[in-house]
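Please read through the following model with its sequence at hand. The account goes from the overall fold to one helix and its packing, and then to individual loop residues and backbone angles.

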Amino acid sequence: MATTSFTKKTLGLENGEPAVTPPTTETQANFLKKPKLAAAPPRKRDIPEGLWTKCKKCGVMMYDKELDDNLKVCPKCQYHFPIAARERIHALVETCSFEESDASMESVDILQFTGASSYTSKLEQYKKSTKLKDAVCTGIGRMGKYRVALGVMDFGFLGGSMGSVVGERLTRLIEAATGKGLPVIIISASGGARMYEGTFSLMQLAKTCGALAYHAKAKLPYLSVLTNPTMAGVMASFAAVGDLILAEPGAMIGFAGPRVIESTTQSELPPGFQTAEFLLEHGLIDAIVPRGEMKARLCSYLEYLMVGREQLAALGG
Ligand SMILES: [Zn+2]
C-alpha cells in the first residue's frame with residue numbers, strides 16, 4: 001500500500017494533482033522577502049558524499065581514492081581504517097592465486113532468534129552491504145613463494161562476529177592446511193561470538209582451536225594477525241594461539257570491554273589499556289606491523305618458519 005501512495009505522489013503530474021500543498025499567500029510573501037543575512041544559519045561546506053573521507057584521528061580530509069590506494073591507512077597520521085576482507089586478500093596474495101573455499105556456506109537461523117530485528121533479516125542486510133556470505137573469507141593463495149591457507153575476517157559483516165559459518169569455514173581451512181602441509185594465516189577483526197546463535201557460536205571456540213592443535217602437531221606454522229578490533233570470543237580462541245601473533249597499529253585487542261573490567265575490578269585501568277602497543281609492551285603479542293608492510297613481513301616470517309620445517313624434515317624430525 002505504501003508503494004502505491006508513493007508512486008501516486010511521484011507521478012502527481014499525470015493525474016493533474018499538485019505533488020505538494022500549494023503555497024499560501026503568507027508563505028509566498030515570506031519567500032519574496034529578502035532573507036536577513038545575520039539570522040542565516042551557518043552553512044556547511046558542500047562536500048559530495050562518497051568522494052572524501054575525514055580521518056577519525058587527525059581530522060584531515062582525503063580523497064577516497066587516495067585512501068584506497070593507501071590500503072585504507074591515513075597518509076598523514078597512519079590511522080588504520082577498517083578494510084573489507086576481499087580488499088585485504090587482494091593486497092596480500094599474488095594476483096589471481098587465491099582460490100576461495102566453502103564460498104557458498106551460509107548461516108541458518110537455528111534458534112529462530114527474534115529481537116529488535118530477526119537474525120534472518122540481519123543476515124540479508126549484511127549480505128547485501130558487504131557482498132559476503134558471512135563474516136569471514138577463506139581460501140588458499142600464494143604469498144611470495146609459499147602457498148598459504150588464508151582466512152580473513154570482515155568487521156563490516158555483523159561486527160565480524162563468529163557464528164557457525166565463521167567457525168566452520170576457518171576449521172575446514174585449517175584442516176585443509178594440515179592435510180596439504182601448508183601454513184595458516186588468519187586475520188581477525190571481530191567483536192566476539194555471535195549472540196544470535198547462542199551456544200552454537202561458543203562451540204566454534206573449541207572447534208577452531210582443536211583444528212589448530214592438529215595443525216601444530218604437524219609442525220606447521222600458524223600466524224595470527226589481530227586488527228582493530230579483536231575482542232571476546234575470537235580473542236579467547238584461535239586469534240590468541242598463533243605461533244606468531246602480530247597486530248596492526250592502534251588495534252583494540254582484548255576479551256571483555258574496558259567498562260566491564262573497570263566495574264568488575266573496581267579499579268581504574270592504565271592509559272592505552274587493550275591497545276596493540278600496550279599489549280606488545282606487556283608481551284601478549286610479538287610485533288606491530290603497519291598494513292602497508294604486512295605482506296612483506298608475513299612473507300619473511302613464513303620463509304623463516306618454513307625453512308626451519310624443511311630442515312627438520314630433512315633431519316627426520
Ligand atoms: Zn589521519
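How many helices and strands does the protein chain have? The protein chain has eleven helices and ten strands, where helices (H or I, at least four residues) and strands (E, at least two) are DSSP runs, numbered from the N terminus. This is a predicted model, in which local features need pLDDT of at least 70 and side-chain atom pairs count only at pLDDT 80 or more, while totals for chains, interfaces and linings use all residues. Residues are numbered from 1 along each chain as its sequence is written.

Of the 317 residues of the protein chain, 32% count as buried. A residue is buried if 20 or more other C-beta atoms lie within 10 Å of its own, exposed if 12 or fewer, and partly exposed in between, with C-beta atoms placed from the backbone. Two residues are in contact if their C-beta atoms, placed from the backbone, lie within 7 Å. Among contacts between residues at least 6 apart in sequence, 67% join residues at least 24 apart.

In soluble globular proteins, nonpolar side chains tend to be buried together. Val184 touches Ala149, Leu173, Ile174, Ala177, His215 and Tyr222, not counting residues up to four places away in sequence.

Helix α6 has 17 residues and reaches 24 Å from its first C-alpha to its last, close to the 24 Å expected at 1.5 Å a residue; the expected span is 1.5 Å times one less than the number of residues. Its buried residues are Ser164, Val165, Val166, Gly167, Arg169, Leu170, Thr171, Leu173, Ile174, Ala177 and Thr178. Against what do the buried residues of α6 pack? They pack against β4 (136–143), β5 (146–153), β6 (184–190) and α7. Just after α6, Gly181 takes a positive phi of about 70°.

Two packed helices are described by the angle between their axes and the distance between the axes. The axes of α6 and α7 (residues 199–217) come within 9 Å and cross at roughly 10°. Axes are lines fitted to C-alpha atoms, for helices over the stretch in contact, and angles run from 0 to 180 degrees between N-to-C directions. That makes α6 roughly parallel to α7, since angles under 35 degrees count as roughly parallel, over 145 as roughly antiparallel, 65 to 115 as roughly perpendicular and the rest as oblique. Among the residues that make the contact are Val166, Leu170 and Ile174 of α6 and Phe200, Ala211 and Leu212 of α7. The residues of this contact divide into eight nonpolar, eight polar and two charged. In this division Ala, Val, Leu, Ile, Met, Phe, Trp, Tyr, Cys and Pro count as nonpolar, Asp, Glu, Lys and Arg as charged, and the others, Gly among them, as polar.

Met105 lies in the loop between β3 (99–100) and α5 (119–130). Is Met105 buried or partly exposed? Met105 is partly exposed, because 16 other C-beta atoms lie within 10 Å. Met105 touches Lys133, Val165, Glu168 and Arg169, leaving aside residues up to four places away in sequence. Met105 and Val166 are 61 residues apart in sequence and 9.4 Å apart in space, C-alpha to C-alpha.

Phe81 is partly exposed, with 17 other C-beta atoms within 10 Å, and Leu71 is partly exposed with 18. The two residues are ten apart in sequence and 8.6 Å apart in space, C-alpha to C-alpha. Phe81 touches Leu67, Lys72 and Val73, not counting residues up to four places away in sequence.

Most residues other than glycine have a negative phi, and most peptide bonds are trans. Leu71 has a positive phi, near 55°. Gln266, also not a glycine, has a positive phi of about 55° and follows α9. Gln266 is exposed, with 6 other C-beta atoms within 10 Å. Helix α9 (residues 258–265) is itself hardly covered, as the count of buried residues among its eight residues is zero. A cis peptide bond, with omega about -15°, joins Asn228 and Pro229; Pro229 is in strand β7 (residues 222–231).
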